[in-house]
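Open the model in your viewer and keep the sequence panel beside it. Each stop below gives a selection and what to look for there.

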Amino acid sequence: ATSGSKYEVDRYVNLADNEWLWRTWAQMYGAIGQSNLLIKRIPELQGVSQAVKDRYLGAAKFHRALNHFNAVRVWGDVPLMKEPIVDFSVAGEVKRSPQSDVYEFIAADLEDAANTLVTDYSHGMRKKLSLAAALLPAPRLLFLDEPVEGIDAVASRQIKELLVSFVARGGTIFLTSHILEIVERLSTHIGVIAQGRLVAQA
């Protein structure tokens with residue numbers, strides 16, 4: 001463990017005592033690795049205007065910034081992954097960067113992404129942006145269709161906590177989902193609809 005980490009067990013290998021942590025690590029840094037590959041290859045695209053390349057680069061950098069930010073929230077000091085790395089799971093190769101350096105890198109990525117269109121983001125990112133936009137006017141009622149479908153595990157947990165907090169403050173949510181875990185955890189009233197008709201409720 002390191003002083004910047006929030007967890008005593010902090011090895012980047014899949015062991016019995018840290019499987020969920022390892023999976024979270026692998027998901028976040030796998031996404032960062034994909035972003036780095038895109039950032040490297042987009043400028044090499046042929047037959048594509050510079051304006052389009054800039055939009056794609058902005059989307060990739062926003063994605064990289066978001067996953068670095070989520071990693072900091074989980075671990076504290078984390079590796080700063082700027083280049084594509086083939087095998088980043090070897091514990092001996094992991095080097096941490098101070099949170100201040102990671103945040104500075106995140107800020108630079110977000111600045112580059114400032115002019116990116118929402119349509120250039122991934123499905124999961126567009127869903128998160130849509131939810132954020134829906135919450136901005138402080139509504140009392142929300143209609144949500146599969147709010148965590150296509151969302152990564154860390155963001156999914158954050159969204160669930162956000163929805164619980166919204167209801168605790170007096171809001172109401174009509175939510176549709178085929179994931180029973182979400183229904184059981186978040187719902188106070190449940191209805192089953194078949195062929196457009198309410199056939200059961202509890």
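Buried means under 20% relative accessible area, exposed means over 50%, and partly exposed lies in between, using a 1.4 Å probe and protein chains only. This is a predicted model, in which local features need pLDDT of at least 70, side-chain atom pairs count only at pLDDT 80 or more, and totals for chains, interfaces and linings use all residues. Residues are numbered from 1 along each chain as its sequence is written, and side-chain values use heavy atoms, with hydrogens and water left out. Helices (H or I, at least four residues) and strands (E, at least two) are DSSP runs, numbered from the N terminus.

**Stop 1: helix α2**

Select His68. It sits in helix α2, residues 50–75. His68 counts as buried because its relative accessibility is 0%. Now show its contacts, meaning heavy atoms within 4.5 Å. Not counting residues up to four places away in sequence, His68 touches Tyr29, Ile32, Pro79, Leu80, Met81, Val102, Phe105 and Ile106. Draw a C-alpha to C-alpha line from His68 to Tyr29: it reads 8.1 Å, for 39 residues of sequence separation.

Next, check the helix length. The expected span of a helix is 1.5 Å times one less than its number of residues. Step on to Gly76, which follows α2 and has a positive phi near 90 degrees.

**Stop 2**

Select Lys127 in helix α4, residues 123–135. Is this lysine buried or exposed? Lys127 counts as buried, because its relative accessibility is 18%. Leaving aside neighbours within four places in sequence, Lys127 is in contact with Asp145, Glu146, Pro147, Glu149 and Ile151.

Glu146 is one of those partners. Select Glu146 in the loop between β1 and α5. Its phi is positive, near 45 degrees, although Glu146 is a residue other than glycine. Most residues other than glycine have a negative phi. Glu146 is buried, at 14% relative accessible area.

Stay in the loop between β1 and α5 and select Asp152. Asp152 touches Gln27 and Lys128, not counting residues up to four places away in sequence. Asp152 and Met125 are 27 residues apart in sequence, and their C-alpha atoms are 9.6 Å apart.

**Stop 3: the β-α-β unit**

Show strand β1, residues 141–145. Its covered face holds Leu142 and Leu144, while Leu141, Phe143 and Asp145 are on the uncovered one. In a regular strand the side chains alternate between the two faces of the sheet.

Two strands pair if DSSP finds at least two bridges between them. Look for Leu144 opposite Leu175 in β2. The chain crosses from β1 through α5 to β2, and this β-α-β crossover is right-handed. That means the path from the first strand over the helix to the second runs clockwise with the strands pointing away from the viewer.

Now select α5, residues 153–168. Its 16 residues should span 22 Å, and its end C-alpha atoms are 23 Å apart, which agrees. Val154, Ala155, Ser156, Ile159, Lys160, Leu163 and Phe166 are buried in α5. Just after α5, Gly170 takes a positive phi of about 105 degrees.

**Stop 4: the largest pocket**

Select Leu175, Ser187, His189, Ile190 and Gly191, which lie nearest the centre of the largest pocket among its 25 lining residues. On a 1 Å grid over the protein atoms alone, a pocket is an open set of points where a 1.4 Å probe fits, with protein on both sides within 12 Å along at least five of seven lines; lining residues have an atom within 4 Å of a point. The space in the largest pocket is about 860 Å³, the volume filled by probe spheres set on grid points joined across faces, edges and corners.

Colour the lining by element. α5, β2, α6 (180–186), β3 (191–194) and β4 (197–201) each supply at least two residues. β2 gives the most, with 5 residues.

Finish at Gln195, in the loop between β3 and β4. Gln195 has a positive phi of about 55 degrees although it is not a glycine. Gln195 is exposed, at 84% relative accessible area.
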